[in-house]
Amino acid sequence: MTVLLHSVGFGLVAAAIIALGSVAFSLQFSVTTTPNFAHGDILTIGAYAALGAQTLTHNIAAEVIAAVVAGGLAASILNLALMEPFLKLRAPRISIFLVTVVFGLLAQNIILIVFGGSPATFQLPTSGLIHVGPFLWTNIDIETMISAVVILGSLHVLLRYTKFGKSLRAVSDNPELARVTGVPYRRVVRITWLLDGMMAGFAGFILAAYVGGLTPTLGFSYLVVIFAASVVGGLGRPYGTALGALVIGVAMQVASAYVAPDYSESVAFGLLIVALLIRPQGIFRAEIWNFAE
Amino acid sequence: MTYLIVTVVTFALIYAVAATALNVRWGWAGEFDFFVYALVAVGAYTYAVIVLPPAPRNDTGLTYILGLNQSPLVGAAVAVVVCAVMSLVIGSIALRSLRQVFFGITTFAAVLILSAVITQQTSLFNGFTGVFGAGQPFNSVLKLSPSAYNIFFLLLCGAIVGGVYFLLQRIFWSPYGLALRAIREDEVAAAAFGHDPYVARLKAYVLGGALAGLSGTLLVAYIGAFNPQAWSPIETVLLFAAIIIGGTGNMKGAVLGSLIVFGLILEGTQFLPPIPALPNAEAALRAIAVGLVMLAFLRWRPQGVLPEQHYRDVPRVRDDPLARLVRLVAHRRGTQ
């Protein structure tokens, strides 16, 4: 029972990280309807920016800002330099998806040239394990979960109570109708990419601190976990995705306690495949989504 | 130098077989498939454990299943069949409901699961270290010198690529090939003419799987060893690059694209002088070059160097000299 509770506790931490990464992914998908295969690499960019800031100053706030700025910049570059020209060409959606694949390839290899391929350690000051109720967490774990709740809460406020949030929901519901009724379509898409990149950069920072180190493929290897959370929760649905992250995070940690740690990611991938095959619209979604497009 | 050039061209031809496999799946059937490179790996592993002698029963730590000590031809046949059956199983599940990007994500996750299982279960294919010693088929009989054997293998690969091209070209213009492309363009219209989209797609998926297995067989027979590092997801992206550059749906294009991507950009640049400012960055720069060329093609020439041929653009049966003669004779008889 203690093992189960402890692994659920670790699962909550993993879920917080996955939620930060996958809600951003899902938000971007809801507006552009193309999954971003380079999303994991934006996490990596954020993590390396934080590492760069750490070598200059040991100020955690500076590291966070570096990660958020770098992530937002990377996502905006992807949107402005590649997505918008290809969308203007009316390229088929699969070509646009391939463009994000290539962007990921480029990002990974540029990082490889700049920082080298060997794993770098990335650690934040930690207090050791603390008992919180039945769970066992470090202070970083607790801060991770608090930051996830705060960020997702602010996103909720942004989507629900601001004019931008209303425009974003309008674009995601029906882009043509939104455009016709005077919603600044292009600006909404650009801000969404920026938000997506900023959240992804922060998620990369948290992920690197959680893993304790980083390699140029850190985010890429986390990409399918993010996909899994988004699809299980309902792709393009930020709220469902947060719940999907909870399911995936806890399932991964429980599996690593009871099956084998090496298979924890395979469990997430398995859930992804099952979700896509059985219920592609997501567990927490009722409407039909036409996936045959 | 000759040895190196022969090696580069051989690798490009081996990857060309894998590119034709992906071109059947993606170019013809329109399936955005990431599983193809996993099948190259499955083919390679299967061939190795069929050809190799049983794993030694001492504590060398070398463990793998089977070890049947069979001839290379048996190994290749079994590898191709295993890959075809695996494609049948995966395709029959995945092709039911998934399309395009979501098909890609599902197959991508399946590759990662397979990779995790093969890396962790060392009893299957010796885990992370991989299998080795499966190289140089037929040389126990031929007894060639290394450089002569290298040329022999190049000719073997060339013959196989030629055979595969001939076979695929026949399928391309066959009623099945036409139906497959019709389904890709308009599923409902093709179904209205009595073609079952699911069955046609599944056939293409299995054909592609068999070709991928053949490519894996050649790969492991040439390099002799295979381990999980040899099949990272990046390899599939390189195959996509080869097809997009060469020409999606065109088999000549797939071969040409493989020669450009694997021969020229990835292997051919070894002959360039190193860049002193960026030591150890060659591999990354090569990948970046492939990415940029692929982007340029997606932007300015998405159909590739050699676009897919259209039925209306090629000489039909009536323009065939023999058919014209037959028609002429029939016409004369009719007028008499």
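User: What is A:Leu194 in contact with, leaving aside its neighbours within four places in sequence?

Analyst: A:Leu194 is in contact with A:Gly72, A:Ala75 and A:Ser76. Contact requires C-beta atoms, placed from the backbone, within 7 Å. This is a predicted model: local features need pLDDT of at least 70, side-chain atom pairs count only at pLDDT 80 or more, and totals for chains, interfaces and linings use all residues. Residues are numbered from 1 along each chain as its sequence is written, while chains are lettered from A and ligands numbered from 1 in the order in which they are written.

User: Why is A:Leu194 called partly exposed?

Analyst: A residue is buried if 20 or more other C-beta atoms lie within 10 Å of its own, exposed if 12 or fewer, and partly exposed in between; the C-beta atoms are placed from the backbone. A:Leu194 has 16 such neighbours inside 10 Å, so it counts as partly exposed. A:Leu194 is found in helix H8 (residues 185-211) of chain A. Helices are DSSP runs of H or I with at least four residues, numbered from the N terminus. A:Gly71 is 123 residues from A:Leu194 in sequence, yet their C-alpha atoms are 8.1 Å apart.

User: What makes H3(A) oblique to H8(A)?

Analyst: The axes of helix H3 (residues 60-88) of chain A and H8(A) cross at roughly 140 degrees and come within 7 Å. Angles under 35 degrees count as roughly parallel, over 145 as roughly antiparallel, 65 to 115 as roughly perpendicular and the rest as oblique. That makes the pair oblique. Axes are lines fitted to C-alpha atoms over the stretch in contact, and angles run from 0 to 180 degrees between N-to-C directions. The crossing is right-handed, that is, the near helix is turned clockwise from the far one by less than a right angle. Among the contact residues are A:Gly71 and A:Gly72 of H3(A) and A:Leu194 and A:Gly197 of H8(A). By class, the contact has 13 nonpolar, 7 polar and 3 charged residues. Here Ala, Val, Leu, Ile, Met, Phe, Trp, Tyr, Cys and Pro are nonpolar, Asp, Glu, Lys and Arg charged, and the others, Gly among them, polar.

User: How do you know that H11(A) and H4(B) are roughly antiparallel?

Analyst: H11(A) and helix H4 (residues 100-120) of chain B pack at about 150 degrees, with axes 9 Å apart. H11(A) and H4(B) are therefore roughly antiparallel. Their crossing is left-handed. A:Phe269 and A:Ile273 are among the H11(A) residues that meet H4(B), where B:Ala109 and B:Ile113 are included. The contact divides into 10 nonpolar, 3 polar and 1 charged.

User: How many residues of each chain are in contact across the two chains?

Analyst: 29 residues of chain A contact 29 residues of chain B. H4(A) gives the most to the chain A side, with 13 residues.

User: How do you know that the span of H7(B) agrees with expectation?

Analyst: The expected span is 1.5 Å times one less than the number of residues. Helix H7 (residues 146-173) of chain B has 28 residues and should span 40 Å; its end C-alpha atoms are 41 Å apart, which agrees. B:Phe153 and B:Cys157 are among the buried residues of H7(B).

Key. Helices (H or I, at least four residues) and strands (E, at least two) are DSSP runs, numbered from the N terminus.
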